[in-house]
Amino acid sequence: WNSWNHFKCNVDESLIKATANALVSSGLAQQGYNYVNIDDCWGSSNRDSQGNLVPDATRFPSGMSALADYVHGLGLKFGLYACAGSRTCSGTMPGSLGHEQRDANTFAAWGVDYLKYDNCFNNDLSPLTRYQQMSDALNYTGRPIFFSLCEWGDMHPARWGPSIGNSWRTTDDIRDIWDRMLYIADMNDVYAEYAKPGAWNDPDMLEVGNGGMKYEEYKVHFSIWAISKAPLLIGCDVRNMNNETLSILGNPEVIAVNQDPLGIQGKKVRNFGERDVWTGPLSGNKTAVLFVNRKAMNVRIAALWPDIGIQDNVIVQARDLWQHVTLNSTFQGKMTMYLEGHSCKMFVLSPISSQ
């Protein structure tokens, strides 16, 4: 979970504690949502007399170490935000440029498990240099900290990110709008071949549950992020989720595709007139396939075996990941689906024989 998409700068200690509790009580933590990440605006406007970052005393009176202890006590992990520039993107707190080791030491001492590292006020210095400096500083602390590069895809971080961090933003910021979500997904798809276990393309945080899209559109959003092996960072208010939101974020079969141990990012292999087929290999010789209808009208979409990496003579059984049923029909050569406007269907295909 990350605070920015829903709360922006309106973050405080009580919100973070309540969110951590909600992740546990909703069952989402048990499904793997185990990071509680505070985005921008958590700190004081200036460093202390020793040059250290300090939390805002009004909104985080107990301090970050105590808050991390609270989160850890629930069996979760604690994340923070910093910036590879002179100020953070909100302008409300100091950046870490030139203070990398001092800040990394601070984060490690506080018990931070995840660092999102942004790209504002960067003095036009190369991100390769700035992100490498923080990567080295984090490693020097000796504490395992997931390093999330929020470089916005500026210099194609998928090409150099694996040696520096654990994930990297391939795009500019997402918004809670159907067209923008798809645009972001398409930008991220370009770099699919670079993703691998421990090194992931990040098309930005999820908007599911924030209200700008409809239920079926959020299912499309979540399905594309899942098959793309994107980090699944909840961006809504989990304290006040409705059942529809929880059913999407907590769909165990779609999450399983995202977390498949093979770790190969799925790709969009067909896009005929705003009718997509996305696919990716899974462990156990299975295949994930996702049909997406970008149009407002009903359409027919076919996935052909050569396009999704299955030999023509293979017969498969199809598991519907949103309906949670195994289809009675088997398929050979192709699979055809009919979809309503702005909707998707997602399956795991398992080979049962060949002819």
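Q: How far is the sulfur of Cys 150 from the closest cysteine sulfur?
A: This is a predicted model. A disulfide is counted when two cysteine sulfur atoms lie within 2.5 Å. The sulfur of Cys 150 is 6.8 Å from the closest cysteine sulfur, in Cys 89, which is too far for a bond. Cys 150 is buried, at a relative accessible area of 2%.

Q: Which cysteine does Cys 89 pair with?
A: Cys 89 forms a disulfide with Cys 120, with an S to S distance of 2.0 Å. The pair links distant parts of the chain, 31 residues apart: Cys 89 sits in the loop between strand 2 (77-83) and helix 4 (100-110), and Cys 120 in the loop between strand 3 (114-118) and helix 5 (127-141). The torsion about their S-S bond is about 100°, so this disulfide is right-handed.

Q: Is Cys 89 buried or partly exposed?
A: Cys 89 is partly exposed, at 30% relative accessible area, whereas Cys 120 counts as buried at 15%.

Q: How many disulfides are there by this rule?
A: The count is 2. Cys 9 and Cys 41 also form a disulfide, with sulfur atoms 1.8 Å apart. These two residues are 32 residues apart, Cys 9 lying in the loop between helix 1 (4-7) and helix 2 (13-25) and Cys 41 in the loop between strand 1 (35-37) and helix 3 (64-73). Cys 9 is partly exposed at 28% relative accessibility, and Cys 41 is buried at 2%.

Key:
Residues numbered from 1 in each chain as written. Predicted model: local features only at pLDDT ≥ 70, side-chain atom pairs only at ≥ 80, totals over all residues. Heavy atoms only, no water. Helix = DSSP H or I, 4+ residues; strand = E, 2+ residues; numbered from the N terminus. Buried < 20%, exposed > 50% of the residue type's maximum accessible area, 1.4 Å probe, protein only.
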